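I hope they are handy to have beside you as you look around.

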Amino acid sequence: MAVVAPASDKPAPIRRRSRLSETWLYLRQSKSGMLGLTILVFHILIALSSPLIVPFDPTDIDASLKNQSPSGEHLFGTDQFGRDVFTRVLLGGRIALVITLTATVIAVTWGGTLGILLGFLGGRIDEAVMRVVDALLAAPYILFLLLIVSSLGSSNRVLIFTLGFFYGIAVVRVARAATLDFVARDFITAARARGERRMTIVLRELLPNVMDILLVEFAMRWSWMLLAFSSLSFLGFGVSPPTPDWGLMIAESRKALQFAPWTAIFPMIALGTLVIGINLAADAVAKALGLDRTQGAPV
Amino acid sequence: MNEPFVEVNDLTIGYRNRQGQIVNVLRGVSLVMPRGGALGLVGESGSGKSTLGMALLGHLRAGSQVQAGTVRFEGVDPFALNPAELQALRGGRIALIPQNAAESLTPTMRVGDQIVEVLQFNRILVGAEARDLALELLGQVRLPQPEAMFTRYPHELSGGQQQRVAVAKALAGEPELLVLDEPTTGLDVTTQAHLLDLLAEIVAQMGTAMLYISHDLGVIARVSDRVAVMYAGEIVEVAAVTDIFARPTHPYTRGLLASIPRLTQAGIPKAMPGQPPTPGEHGTGCSFTPRCTFADGTCETVAPTLDAAAQPGQLVRCHHWQTVAKIEFSQELQQAFHKAVRKVEPEPAVELAGVEIAYTRQGLIQRLRGLPEPPATVSDITLTVHKGETLALVGESGSGKTTIVRTIAGLMLPRMGSLKFKDYDLNVGVDRRPLELRQQIQLIFQNPDASLNPRHTVAEILDQPLRLYFNLSRSERRERSIELLERVRLGPHYRLRYPGQLSGGEKQRVAIARAFAAEPQLVLCDEVTSALDVSVQAAVLDLLAELQAEHGVTYIFIAHDLALVHAFADRVAVLYQGRLCEVGSTDEIYTPPHHPYTETLLAAAPRPVPGLRPHLLGSDVPELAPPPRGCPFQRRCPRRIGSICDEEAPPWRVPVEGHRIRCHIPLDELETAQVSAAEHVIPLEPLSNSVSSN
Amino acid sequence: MLKLTVRRLFYSLITLLIIAVVVFVAVELLPGDTATAYLGREATPQRLASLRAELGLDRPAIERFARWFAGALRGDFGMSLARDKPVVDLIGVRLRNSLILGLSAALIGIPLALGLGIIAGLTRDRAPDLWISTAALIAMTLPEFVTATFLILVFSISLQLFPAVTVVPANAPILDLLPNLVLPIVTLTLIMVAHILRMVRTSVIDVMTSDYVQMAILSGVPYRRVVLRHALPNALLPAISITALTIGWLLGGLVIIEVVFNFPGLGTLLLDAIHTRDIPLVQGIALATAGVYVVVNLGADVLTLMLNPRLRTLRTA
């Protein structure tokens, strides 16, 4: 009667799915997430293909075509210099996308690395650095951006590194909090007790767990970064005219709002749909990964 | 018309999963409870027992729905009530005592106000009247100083006190039925015993009916007069409590009862094969078929019904219950226990001498102000563990068991004393220990959910020690990990799974495989079975015992369950507040003379034998810090002899070589008092002590 | 509790000090100094040297920082270079205007955000929540200048209800400012409400699914009371500090809103100061903004301390 059967004599029917495909499965169930992704992909496709498809030269000035309302020839009308708004809107996201994406990669990389290290090491260094991080988050970020960009000039390189640096500060905090959450768990204790090297623990044990959070962080930071970049452009510290850029176009349209509102409306729609798309997608990805994107604020 | 008090009829509750299929958590459950009855509802995780309890209160988990069947409480269907009627039912006629009182009390409301609130809405009492009654209730659940308790916030109370407040809150509405959902799980044994005693008394006094939900058969035996056993969403057996424990008729009930370790019985109980199915993954026939030794072709295809069995009032859901009933259960139980085979060698493996460990070091300022050093968390530990031996560290929460083990593992440093493993000095942190020493000492944790990295596959988990200690190549690691998995009875196909895709028992097997991948000589086991379902516990113990026999490893085994310790350990060290009370072989620890603390623990342990009333000794007031002087157990000791206990550290007394008790009371006095107390209160279990070894 | 309050106060001062250092260092690291910025093209080595001596720029950085910070603590931020006026005088009236804008938005926005957040949280995933959450997502993600431009298009140009830009001087009495305030306040409020309500919503959802709220429901406590006594106090406690953080962050967005509406606040002053490279003024504005932020956070911390029994009853530090 003494039956000592193996704990599992027949392989249980486990659905072997990679995490990626599982996440995708959940993501597909979210209507808003799919809408966001579609918008995002659409924007990226336009940014990639626009130089080939635009009907006009974006910087062609023609005083005779000033402030024309939308028509068959000029779908979105023309601006105060007679430039084709449709052409400029299609091209106006390219610089923003490239700069903000690069800056976001920088921000999440340095912020994530420092945050994980602080969370893992703890102690005095952690406390001191976090004081500074908290204080920097307290300072109005736009002030630093303006200060630096105004004195170093708004070259792409300056913009990328300035945005990347300042937006990484908030990532430090998020990555550290996520790390602290895992550092106390037994699998880290187990690795320590085994005598694994610290580097191994960080890379092998911690990083895969914090990665999800960093991915969501990436999407969030990217959308905030777009806001910051277009705000700088709007204030005249970003892309310099006559390069087409949404923020700049909206700023230039202000004087003509009364009689040529289309010069503002179309870039606004373009910028608005892009940031909303990113946020919808970020929300859905966070949900699919089982994380709650609780904090809306970039702090 | 005479309505039954509680009647559940063919109740099926299910939820829709992400794939859109309906998963039934409860399947055709029927149940009758008389007024004033005490029904114990036993089952493992996922058996649907809590869902059933909540259904009586008309509550479903979010997303769940009643798919079929009815619930009637005195003829009333709670699911058909409007919100106002439901409010009147809940708290007023049916009250709930939840598992985790700490999280069930609103943190921003004073304890007293929370009770007054129940009085206000269920008994329309307000003002001074409500307040007085609330104070009375606080007194009734034996909380000290009700007046002071009234104004406290939940976080200011201990776990046991919070649970008492939850009881007072439930009683406030003078309910006719109490639903208790594992109310003592997570509490220390002495606290649990006091709470169970209190509940039994109050329920008897007020004539309240109880539905007591628990996975712990010891607790169920103590509180119920009838027991319903649940498996995979169904009731598989219902009977009077004495019948369930003496003449169980369902193979699952039998297996479950045979698989729990017993206080009076040395040796590992018989493991039940397999694991309970996850909801919705039962077959078309009897859901117990894959784990059943009686199963045949019928069982796989035809679902049995719940039919009357031999005893009056006994119902069982099994095609073969008559065959099962013919086998005398007491005999089956006797044969169930087997002693682990061990080779204990005379040479010491681990030696601790005068070890003292403190969590907080005194700051410079305190030292300059000349404040006395606070007593260390763990102090004066002198212990020897022999090679191949299993030493159990026993004590309630705060006893320092885990601290000691972590210090041996090098995760903490002692403040004083010496620790040695063979010829190695253990007074250094893990990062300064040589590789071969780290390889020889391995840890297994309580909760495999936390100790296995959720982002690693089983193969990656097993790779880590293999790479670190043996520098094996990829193909060697693969080969070795398959060997290891087979050794812990998991097939090679488990290599590619993530911990999230495994059951609790499987995860713990992976954790064990990881520890043994290092080919260790000393394995530190921290409550390794307490996160597991009852029916898979014994199989894990078996596995650990086999591995010990094969590799001759030494175990230091932390546990709070004294029956489990009796099943598995060679020697036991009893700790209170980080101080040793008693050390001895398992037999010596479980027979008088005991240290009064050991006695208290043994007396309080719930046992799966109906009719036993635990013998309550001393108070259950938890202590936060050890006393600065005298005996560490002075404040709770039931055998205190006077101020000497407060003033002087007690001497070690040695009844026989290898057994020591630290107490001021002479051994013969201790023994006489304890033998008579035990005879008076605890009848011997109707089981012989004979142990069949294999 | 007093001890905790004192500690928070101490942390606030440290935060302020760190910001001061960072602002100072940032200015210090950038090419050129106050003197080159001031003199611009007229800079000759002699004039630079004499101006530096006059402004104390030849002293070591630490000494200059100490002098500046000590002055700032006394309310003396130095002289504006471009305008030859004390920085404090310039900031004063602009700070008043910005505070009117910010406080009005907070007064309208916070109660609105709490109300909407609670409704959304209680009706999770049902119609009211979906409407509120979607609107919030849009309001939160659109840049301030897009929202502002949109409002101008609708309310100033189409409906002609409010002026599109402010034309009154900075030191005008509040009543004259009022019509100019409406659209900036609406813009700021929209964004603020969106941020705060999302957090309140999450917090309410967390608390409503907590064991103690479930337990209160199962004890026969009426739903209204469960929400008011059991759920909301616990849901709103964490929202306090997050709200403060958000408000602080939104101060940055104020710059853009002020620019769009040409509103004479601290933000437009900052932009002017940057254009004219008026470094003492930039430093003063930075510190003043940080000061507002620190005060808001300190207030939130103390409020949380007072309302949270777990912290209130904490006897040991």
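1. Contact here means heavy atoms within 4.5 Å. With that cut-off, 50 residues of chain A are in contact with 48 residues of chain C. Please keep in mind throughout that this is a predicted model.

2. On the interface of chain A and chain C: the area buried between the two is about 4400 Å², and carbon and sulfur atoms give 79% of it. On the chain A side, A:R131, A:L147 and A:M268 supply 12% of the area that chain A buries against chain C, more than any other three residues. The rule finds one salt bridge across this interface. The side chains of A:D283 and C:R198 meet in a salt bridge, at 3.5 Å from N to O.

3. Next, the overall build of chain C. This chain has 13 helices and zero strands, and its C-alpha atoms fill a box of roughly 85 × 60 × 35 Å along the principal axes. Of the 317 residues in chain C, 54% are buried. Taking contacts in chain C between residues at least 6 apart in sequence, 73% join residues at least 24 apart.

4. Chain C is divided into domain 1 (2-73) and domain 2 (93-275). The centres of these two domains of chain C, taken over C-alpha atoms, are separated by 34 Å.

5. Now for the largest nonpolar core, which has 158 residues; A:L146, A:L163, A:Y167 and A:F234 touch the most other members. Helix α10 (residues 223-261) of chain C gives the most to this core, with 17 residues. Where does the core lie relative to domain 1 and domain 2 of chain C? Both domains give residues to this core, so it lies between them. In soluble globular proteins, nonpolar side chains tend to be buried together.

6. Turning to chain B, helix α8 (residues 189-206) has 18 residues and reaches 26 Å from its first C-alpha to its last, close to the 26 Å expected at 1.5 Å a residue. Helix α8 of chain B is mostly covered, with 13 of its 18 residues buried. Just after this helix, B:G207 takes a positive phi of about 70°.

7. Chain B is divided into domain 1 (4-100 + 176-194 + 208-334) and domain 2 (595-679), with 37 Å between the centres of the two, taken over C-alpha atoms. The contact takes 19 residues from domain 1 of chain B and 20 residues from domain 2 of chain B. About 1600 Å² is buried between these domains, of which carbon and sulfur atoms give 71%, while the count of salt bridges between them is zero.

8. One residue of chain B to check is B:A673, found in helix α27 (residues 667-681). B:A673 counts as partly exposed because its relative accessibility is 26%. The C-alpha atoms of B:A673 and B:R639 are separated by 9.3 Å, and the two residues are 34 apart along the chain.

9. Over all chains, a search of the whole structure finds 42 salt bridges. In one of them, the side chains of B:R35 and B:E74 meet at 2.5 Å, N to O. This pair links distant parts of the chain: B:R35 is in the loop between β2 (22-33) and β3 (38-42) of chain B, and B:E74 is in the loop between β4 (64-73) and α2 (83-89), 39 residues apart. With a relative accessible area of 28%, B:E74 is partly exposed.

10. B:R93 forms a salt bridge with B:E176, and the closest N and O atoms are 2.8 Å apart. The residues of this pair are 83 apart. B:R35, B:E74, B:R93 and B:E176 are linked in a network of salt bridges.

11. Last, B:R571 and B:E389 meet through their side chains in a salt bridge of 3.0 Å, N to O. B:R571 lies in strand β21 (residues 571-576) of chain B and B:E389 in the loop between β14 (378-386) and β15 (390-394), so the pair ties together parts that are 182 residues apart in sequence. Are B:R571 and B:E389 buried or exposed? Both are buried.

Note on methods
Residues are numbered from 1 along each chain as its sequence is written. Chains are lettered from A and ligands numbered from 1 in the order in which they are written. This is a predicted model: local features need pLDDT of at least 70, side-chain atom pairs count only at pLDDT 80 or more; totals for chains, interfaces and linings use all residues. Side-chain values use heavy atoms; hydrogens and water are left out. A nonpolar core is a set of buried Ala, Val, Leu, Ile, Met, Phe, Trp, Tyr and Cys residues joined through side-chain atoms within 4.5 Å. Buried means under 20% relative accessible area, exposed over 50%, partly exposed in between (1.4 Å probe, protein chains only). Helices (H or I, at least four residues) and strands (E, at least two) are DSSP runs, numbered from the N terminus. Domain bounds come from an automatic or database domain assignment. The expected span of a helix is 1.5 Å times one less than its number of residues. Buried area is the accessible area (1.4 Å probe) that two parts lose on being put together, summed over both. A salt bridge is a side-chain nitrogen of Lys or Arg within 4 Å of a carboxyl oxygen of Asp or Glu.
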